[in-house]
Amino acid sequence: MLRVRRQTDWAWKVAIYLGLSSAGAGAYVAWQGLRALDATWGGSGRPGAGLGIGLVVVGALFILLDLGRWSRFYLAAFRPGTSWESRGFLIVSTFGLLGLLQAGGWTLVPGGLDILLSIPVTLLALAILPYASLLLRSLRPFTFWSHPLQAALSPVSGLLAGCGILAFDPLQWISAAQERTLVAGITALAVIEALLLAALLWEVRRSGPAGLASVQTLVSGETSLEFWLGAVGLGVVLPLAIGAGALMGAVDSDLVRLVGAAALVGAIFLRHVLLAAAHRPTELTFRGLGPWGIGGLSPLQDPDGASSGAGGGGRADRVSGL
Amino acid sequence: MPRYGMVIDLDRCIGCHACTAACRQENATQPGVRWTRVLQVDEGSYPHVRRSFVPRGCMHCAKPPCVEVCPTGASCRRKDGLVLVDNSLCIGCKACTMACPYEARYFLERLQSYFPGEATPYERSRPTLEHQQGTVEKCTFCVHRLDAGLQPACVDTCPTKARHFGDLEDPESEVSLLSRDPRAVQPSPDWGTDPSVYYLLPYIRQ
């Protein structure tokens, strides 16, 4: 079996960056979606949407802290043609700048600026939602990150945490009916996230040694506590339990805010464990031979011996004339 | 344009680690950093067992994933095939260390020295190869030696001539001939990186 190693290069700081940017963008997208369906959200959802924009900006500071030389962070904008990190830098920074401008406009220049900026900021937020999965997918040695279900999990997790941010509602502007709508959304997204997560783990464990090691690390290994308590407990079970309970009875504002906070923290834990559990192969493989050093002897035979195996021929030093 | 490459004969490698030592001396690498290293591989089960040594380092791929993911352009591929890191552009994001399937890159979180507060003679004599904290570094195929018309230090040092270096594009060159040997394989071809380092697989000793 191929030997694998867990990655430790990207840890909490990157997880917070990816988690907050995804959650913040999710809050903005959810707000714009709700606003399109019901105009009353335009005003009442602003505190949550503004908080989402702020969290994206705060998250960006965490990626700066992770850089070896943060003072040269602006160089990260130089290679959007090939690098997802570069694209992410441009998308997240532009979202942060335009979003802050829009949020500032809510109090300073009501009306025009909001309409003008809504479309580009929404497009940027939509681009941020799948960003984490696209970035990680570009790092090919980690098969865990390349699985197609990661591409679905990332936006769902962002939207779930985003609805949580809206539900957190720092200024308590949203009505009881709107709280119920949010709780319904959070409950539905928590169900979808749980299904996606289960399907991802099921599929990845069958994808090879690196995938199996990743799943074992998540479920019963080094990151199991963060996975079960943080990502699953806070991010899925608590929103699901409280949300389902609230939908069946009266919606309590404090509980809704608790659900919102739990969804956000759970999303960051989820991002962390998805980063921390990724494994990569550490051995070279050679065509037709499998992993080097494991799985038996090479089929090549010494020319002094009886047979020659895969492509076996003359000695190298004869060919080169040495 | 040439495409510099290396062929490593695993049948000749005796695991003496002279290449690792030569690399560390030549490039004055930090403690714990080995741009080239030799792995020991034990195969089979008694009585059919074999111990082999597999030198590993940067493969200077023709399609390097590290260059693709680098957000600043610090990781680049020269026209002669060398994959290098420009320390002045590196921001230490570590994307390249994770994208490299051969684990050939090192992130210098902090600068260390063998003798704290004092540089070794090798470190003092190589100011142009200053290692920078917070950046990523890797094997350069001793680019400074190539530019001076020399071979990489690991190739010059190898006592068994297990390492061969030259232009893979020149059909008459030694490395080009060796790379077409039936024993010659590129490592981990599934990654699709087209490495410029070939291995000559060892024969089984009956």
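Modeller: A residue counts as buried if 20 or more other C-beta atoms lie within 10 Å of its own. Keep that cut-off in mind as we read this structure, which is a predicted model.

Biologist: What share of the 322 residues in chain A is buried?

Modeller: Buried residues make up 49% of chain A, and for the 206 residues of chain B the figure is 47%. In secondary structure, chain A comes to 13 helices and 4 strands, while chain B has 7 helices and 10 strands.

Biologist: How much of the contact in each chain, counted at a separation of 6 or more, comes from residues 24 or more positions apart?

Modeller: Such pairs account for 75% of those contacts in chain A and for 61% of them in chain B.

Biologist: Let us turn to the strands. In which order do the 4 strands of the open sheet in chain B stand?

Modeller: Strands of a sheet pair through backbone hydrogen bonds, in either the parallel or the antiparallel sense. Here the order is β8-β1-β10-β9 in chain B, and the pairing is mixed. Strands β8 (163–167) and β9 (184–185) of chain B stand at the edges with a single partner strand each, so one side of each is left without a neighbour in the sheet.

Biologist: In which sense, parallel or antiparallel, does β10(B) pair with β1 of chain B, and in which with β9(B)?

Modeller: With strand β1 (residues 4–9) of chain B the pairing is parallel, over 4 bridges, and Ile8(B) stands opposite Tyr199(B) there. With β9(B), strand β10 (residues 197–200) of chain B pairs in the antiparallel sense over 2 bridges, and Ala184(B) stands opposite Leu200(B).

Biologist: Are the faces of β10(B) covered or uncovered?

Modeller: In a regular strand the side chains alternate between the two faces of the sheet. In β10(B) both faces are covered, since Val197(B) and Tyr199(B) on one side are buried, as are Tyr198(B) and Leu200(B) on the other.

Biologist: Now a helix: how far does α8 of chain A reach from its first C-alpha to its last?

Modeller: Helix α8 (residues 148–168) of chain A has 21 residues and reaches 31 Å, close to the 30 Å expected at 1.5 Å a residue. This helix, α8(A), is mostly covered, with 17 of its 21 residues buried, and the residue that follows α8(A), Asp169(A), has a positive phi near 40°.

Biologist: At what angle do α8(A) and α12 of chain A pack?

Modeller: The angle between α8(A) and helix α12 (residues 253–276) of chain A is about 150°, with the axes 7 Å apart, and the crossing is left-handed. Among the residues that make the contact are Leu160(A), Gly164(A) and Phe168(A) of α8(A), and Val256(A), Gly260(A) and Leu264(A) of α12(A).

Notes
Residues numbered from 1 in each chain as written. Chains lettered and ligands numbered in written order. Predicted model: local features only at pLDDT ≥ 70, side-chain atom pairs only at ≥ 80, totals over all residues. Buried ≥ 20, exposed ≤ 12 C-beta atoms within 10 Å, placed from the backbone. Contact = placed C-beta atoms within 7 Å. Pairing = 2+ DSSP bridges. Expected span 1.5 Å × (residues − 1). Axes fitted to C-alpha atoms, helices over the stretch in contact; angles between N-to-C directions. Left-handed = near helix turned anticlockwise from the far one by under 90°.
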